Amino acid sequence: MKSKFLLFSSALMLTFLAGCAGSSKDDNLEVPTNLPPICRDIDFVEQPDMREMCGVRTVRSKAYKNIPQQRYLIKPQETSIVKTGNKLELRFQNSLPIVLDGPIKDEMIFNQEKRLQKVINTFDYHEIYNKGSERIRIFKMGIPTDMGSTYDFCFRIPEKKGNDRTRNKAMGNHIEAMSCADFDHLVEEKKNRK
């Protein structure tokens, strides 16, 4: 009876040690890009007990590089920059991702510590009505990098086509990139009309 107890105790201790070995600080963490807001400010290295609840997985293979990494912007809410492989995408809620090109790709850091820091970007939104009373919605985002530079990106939100009956209400916005020179020109025209 005593030998059975010792065997059971040994097996239990080995299971416990194997579980502890999986929570090393050297493990790579796969953090989902659709984290609920309550999970965004959690350091999953310091609080490993929160990983399962937030859908964070441990990836022990350093060779596995295709894990999306994400950082949230302060404006607009739910906007984030996601790095997948060597590609950087700007993701708005209910919209298709927009690829960010240029030197910004090499100037954003996506480690565990930076993931907890929001990117303090600027957001300049305008609604402009032209002579035909067509509404034009445009905005400019200034995105600072971890190297001290700030890059401007400009976008246009086209009107949704169709009506409530013919258009799927769950359809997201299709945001189009535009040149910041065109953005500045439209904003200047709006000011001159006043």
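Q: What makes two strands count as paired?
A: Two strands pair if DSSP finds at least two bridges between them. Strands themselves are DSSP runs (E, at least two residues), as helices are (H or I, at least four), and both are numbered from the N terminus. In this predicted model, local features need pLDDT of at least 70 and side-chain atom pairs count only at pLDDT 80 or more, while totals for chains, interfaces and linings use all residues. Residues are numbered from 1 along each chain as its sequence is written, and side-chain values use heavy atoms, with hydrogens and water left out.

Q: How do you know that β3 and β4 are paired?
A: Four bridges join β3 to strand β4 (residues 80-84), and the two run antiparallel. Arg 71 has Ile 81, in β4, as its bridge partner.

Q: What makes β3 and β6 edge strands?
A: The order in the open sheet is β3-β4-β5-β6, with antiparallel pairing. β3 (69-72) and β6 each have a single partner strand, so one side of each is left without a neighbour in the sheet.

Q: Why is Val 82 called buried?
A: Buried means under 20% relative accessible area, exposed means over 50%, and partly exposed is in between (1.4 Å probe, protein chains only). Val 82 has 0% relative accessibility and therefore counts as buried. Val 82 is found in strand β4. In space, 6.6 Å separates Val 82 from Arg 71, C-alpha to C-alpha, although they are 11 residues apart in sequence.

Q: Why is the pair of Phe 92 and Phe 139 called edge-to-face?
A: The structure holds five aromatic pairs. In the pair of Phe 92 and Phe 139, the centres are 5.6 Å apart and the planes stand at 80°. Rings of Phe, Tyr and Trp (its six-membered ring) pair if their centres lie within 6.5 Å, and planes under 30 degrees apart count as stacked, over 60 as edge-to-face and the rest as tilted. The value of 80° falls in the range for edge-to-face, and the pair is therefore so named.

Q: What makes this pair a tie between separate parts of the chain?
A: Phe 92 lies in the loop between β5 (87-91) and β6 (98-99), whereas Phe 139 lies in strand β8 (residues 135-144), so the pair ties together parts that are 47 residues apart in sequence. Phe 92, at 9% relative accessibility, counts as buried, and so does Phe 139 at 2%.

Q: Why is the pair of Phe 139 and Phe 155 called tilted?
A: Their centres are 5.2 Å apart, and the planes form an angle of 35°. Ring pairs link Phe 92, Phe 123, Tyr 125, Phe 139 and Phe 155 into a cluster.

Q: What makes a set of residues a nonpolar core?
A: Such a core consists of buried Ala, Val, Leu, Ile, Met, Phe, Trp, Tyr and Cys residues joined through side-chain atoms within 4.5 Å. The largest one has 18 residues, of which Ile 81, Leu 90, Leu 100, Met 141, Ile 143 and Phe 155 touch the most other members. β5, β8 and β9 each supply at least two residues of this core. A second, separate core of 10 residues includes Leu 29, Phe 44, Met 50 and Tyr 72.

Q: How do you know that Cys 39 and Cys 54 form a disulfide?
A: Their sulfur atoms are 2.1 Å apart. A disulfide is a pair of cysteine sulfur atoms within 2.5 Å, and the pair therefore qualifies. The angle of -80° about the S-S bond makes this link left-handed. Cys 39 lies in the loop between β1 (28-30) and α2 (51-54) and Cys 54 in helix α2, so parts 15 residues apart in sequence are tied together.

Q: Why is the disulfide of Cys 154 and Cys 180 called right-handed?
A: The torsion about its S-S bond is about 110°, so the disulfide is right-handed. Cys 154 lies in strand β9 and Cys 180 in helix α5 (residues 180-193), so the pair ties together parts that are 26 residues apart in sequence. Cys 154 is buried at 3% relative accessible area, whereas Cys 180 is partly exposed at 21%.
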